[in-house]
Amino acid sequence: MSSEVVEEAAILCTPPAGEDFLMCYCVSEGFVSFRNPSNGSFYIQDLCETLQEQASTLEFTELLTLVNLKVSRRCAANNKQMPCFTSMLTKKLYFKPKKERSIISVIFHIQE
């Protein structure tokens, strides 16, 4: 009987299915996404810009919320677009900037 209790406890402590998934959509289901033929989609433009400018200072879902705001303020043929994301993250997600290597270490690495 005690082995049954141990097995049940192990089952309860396993991570749920879908844990630590994050799904990002350029637009909600049933709506259209806009794309500039020369610059690409509004969503990707704003996502890339936001990551370049603020990835090292904000948590990732905060970045996505900022992208949602930027895209929602754009207008194409009197139409608006509203991105969305679904988070099943269990922890905060940050991008840490790479440490810049000195020119000496780069030269040394090249010569090896």
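Me: Among contacts in the protein chain between residues at least 6 apart in sequence, what share joins residues at least 24 apart?
Reply: The model is predicted: local features need pLDDT of at least 70 and side-chain atom pairs count only at pLDDT 80 or more, while totals for chains, interfaces and linings use all residues. Residues are numbered from 1 along each chain as its sequence is written, and side-chain values use heavy atoms, with hydrogens and water left out. Contact means heavy atoms within 4.5 Å. For the protein chain, the share of these contacts that joins residues at least 24 apart is 63%.

Me: What percentage of the residues in the protein chain is buried?
Reply: A residue is buried under 20% relative accessible area, exposed over 50% and partly exposed in between (1.4 Å probe, protein chains only). The protein chain has 112 residues, and the buried part of them is 19%.

Me: Against which elements do the buried residues of H3 pack?
Reply: In H3, the buried residues are Phe-60, Leu-63, Leu-64, Val-67, Asn-68, Val-71 and Ser-72. These buried residues pack against strand E1 (22-25), H2 and E4.

Me: How many Å apart are the end C-alpha atoms of H3?
Reply: The expected span of a helix is 1.5 Å times one less than its number of residues. For the 13 residues of H3 this gives 18 Å, which agrees with the distance between its end C-alpha atoms, 18 Å.

Me: What class of aromatic pair do Phe-34 and Phe-42 form?
Reply: Rings of Phe, Tyr and Trp (its six-membered ring) pair if their centres lie within 6.5 Å; planes under 30 degrees apart count as stacked, over 60 as edge-to-face and the rest as tilted. By this rule there are 2 aromatic pairs. The rings of Phe-34 and Phe-42 lie 6.3 Å apart, centre to centre, with 40 degrees between the planes, and the pair is tilted.

Me: How many residues apart in sequence are the parts that the pair of Phe-60 and Phe-95 ties together?
Reply: The ring centres of Phe-60 and Phe-95 are 5.4 Å apart and the planes are at 80 degrees, so the pair is edge-to-face. Phe-60 lies in helix H3 (residues 60-72), whereas Phe-95 is in the loop between strand E4 (84-87) and helix H4 (103-111), so the pair ties together parts whose separation in sequence is 35 residues.

Me: What is the C-alpha to C-alpha distance between Ala-76 and Phe-34?
Reply: Ala-76 is found in the loop between H3 and E4 and counts as buried at 16% relative accessibility. Leaving aside neighbours within four places in sequence, Ala-76 is in contact with Phe-34 and Phe-42. Ala-76 and Phe-34 are 42 residues apart in sequence, and their C-alpha to C-alpha distance is 7.1 Å.

Note on methods. Helix = DSSP H or I, 4+ residues; strand = E, 2+ residues; numbered from the N terminus.
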